[in-house]
Structures are given as structure tokens and as C-alpha cells.
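Here is a walk through one protein chain, taken site by site. Have the structure open while you read.

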Amino acid sequence: MRMLHTMLRVGDLDRSIQFYTELLGMKLLRQADNEEYKYTLAFVGYGDEADHTVLELTYNWGKSEYDLGDAYGHIAIGVEDIYGLCEQLEAKGADVYRKPGPVKGGKTVIAFVRDPDGYAIELIDRKPSDDL
């Protein structure tokens, strides 16, 4: 078994695709409309779905926002230069609401950013040789 994808409901599909591809460096892997049930799916990720876990962005036509609730936590992404990336994200208008720094009680450097719908994304500083 392996994890295939995580689904997030989004209020503006183009805005979300732009955030994940242009700001976080993912690729749009595929996109499809369902005319009968009025939704569009877009899959984004860092590699092909055959080998990588990806995000499924679901846009329900005509619905622009959701109650995120308090049960959802975050997704985590390993990055090579967390300080530089956070500067770039902020320069492009992203909400880096927890600036880069060591995790409480540890040495791992983390930061948190919100996507356009308010979903939390933890950025974890990694070296290319780190085992993810």
C-alpha cells in the first residue's frame, strides 16, 4: 500500500493551481471537468502520480468558500532553503504566518504558510541528502 493523494476543496481553482504551481513549484498533472455533477478536479504534485503522493484540488462549481473546521491539521512539504522560499512567498503575497525558525523543543527549522483557501502548509527545511 501507499498513499495516493490528499483532496482539498477549493473556492477558486485557477487561484489554487497558481499558488501550488507558481509559488510552491508543483506541476499541474491533470485536470478534468464533470459536467453532470458540476465539479472540476485538478491534480498537482512534484512528480508523476505513479511514484508520488499528490494533491487533488476539487472545485465544486458555484461554491467559493468552505468552513475548514478544526479537525484538519496541515500538509507538510520538505524544502531546501526555507528562509529564501519564505521571502519569495511573502514577496508574492502569500501568508507566511509562522516565520522560519526551530520547532519548539527541537532543531528542525519549520515555517507555516496558508494557501488561498486558508489551508495550512508546513514547510520543513531539508537538505537534498535528507531522507524524506
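What joins the side chains of T40 and W61? A polar contact of 2.8 Å does, where a polar contact is a pair of N or O atoms within 3.5 Å; within protein, one must be able to donate a hydrogen and the other to accept it, and residues adjacent in sequence count only if both atoms are side-chain atoms.

Some ground rules before going on. This is a predicted model, in which local features need pLDDT of at least 70 and side-chain atom pairs count only at pLDDT 80 or more, while totals for chains, interfaces and linings use all residues. Residues are numbered from 1 along each chain as its sequence is written, and side-chain values use heavy atoms, with hydrogens and water left out.

**Around T40**

T40 is found in strand β3; strands (E, at least two residues) and helices (H or I, at least four) are DSSP runs, numbered from the N terminus. T40 counts as buried because its relative accessibility is 6%; buried means under 20% relative accessible area, exposed over 50%, and partly exposed in between (1.4 Å probe, protein chains only). Its side chain also makes a polar contact of 2.6 Å with the side chain of D33. Leaving aside neighbours within four places in sequence, T40 is in contact (heavy atoms within 4.5 Å) with L13, Q31, A32, D33, L57, T58, Y59 and W61.

**The annotated site**

UniProt, in an unreviewed entry, puts the annotation "active site" on E122. UniProt positions are given in the numbering used here, feature names are shortened, and annotations may be inferred rather than shown by experiment. Over residues 2-126 the chain is 17% helix and 42% strand, with the end C-alpha atoms 22 Å apart.

E122 has its place in strand β8. Is E122 buried or exposed? At 12% relative accessibility, E122 counts as buried. A polar contact of 2.8 Å joins its side chain to that of H74. Beyond its neighbours within four places in sequence, E122 is in contact with H74, I75, A76, I77, I110, A111 and F112.

**Rings and charges**

Rings of Phe, Tyr and Trp (its six-membered ring) pair if their centres lie within 6.5 Å; planes under 30 degrees apart count as stacked, over 60 as edge-to-face and the rest as tilted. By this rule there are three aromatic pairs. Y72 and Y119 are one of them: the ring centres are 5.5 Å apart and the planes at 75°, so the pair is edge-to-face. This pair links distant parts of the chain, 47 residues apart, with Y72 in the loop between β4 (54-60) and β5 (75-79) and Y119 in the loop between β7 (109-114) and β8 (120-125).

Another pair is Y97 with F112, whose ring centres are 5.9 Å apart and whose planes are at 40°, so this pair is tilted. Y97 lies in strand β6 (residues 95-102) and F112 in strand β7, so the pair ties together parts that are 15 residues apart in sequence.

| Residue | Relative accessibility | Class |
|---|---|---|
| Y72 | 32% | partly exposed |
| Y119 | 9% | buried |
| Y97 | 35% | partly exposed |
| F112 | 15% | buried |

A charge sits over a ring if NZ of Lys or CZ of Arg is within 6 Å of the ring centre and within 35 degrees of the ring normal. R30 likewise lies over the face of F43, at 3.8 Å from the ring centre.

Which residues touch the most other members of the largest nonpolar core? Of its 28 residues, they are F19, Y20, L57, L89, V113, I121 and L123. A nonpolar core is a set of buried Ala, Val, Leu, Ile, Met, Phe, Trp, Tyr and Cys residues joined through side-chain atoms within 4.5 Å. At least two residues each come from α1 (13-23), β3 (39-45), β4, β5, α2 (82-91), β7 and β8, and α1 gives the most, with five.

In α1, the buried residues are L13, S16, I17, F19, Y20, T21 and L23. At the start of α1, a side-chain oxygen of D12 reaches to within 3.2 Å of the backbone nitrogen of D14. After α1 comes G25, whose phi is positive, near 75°.
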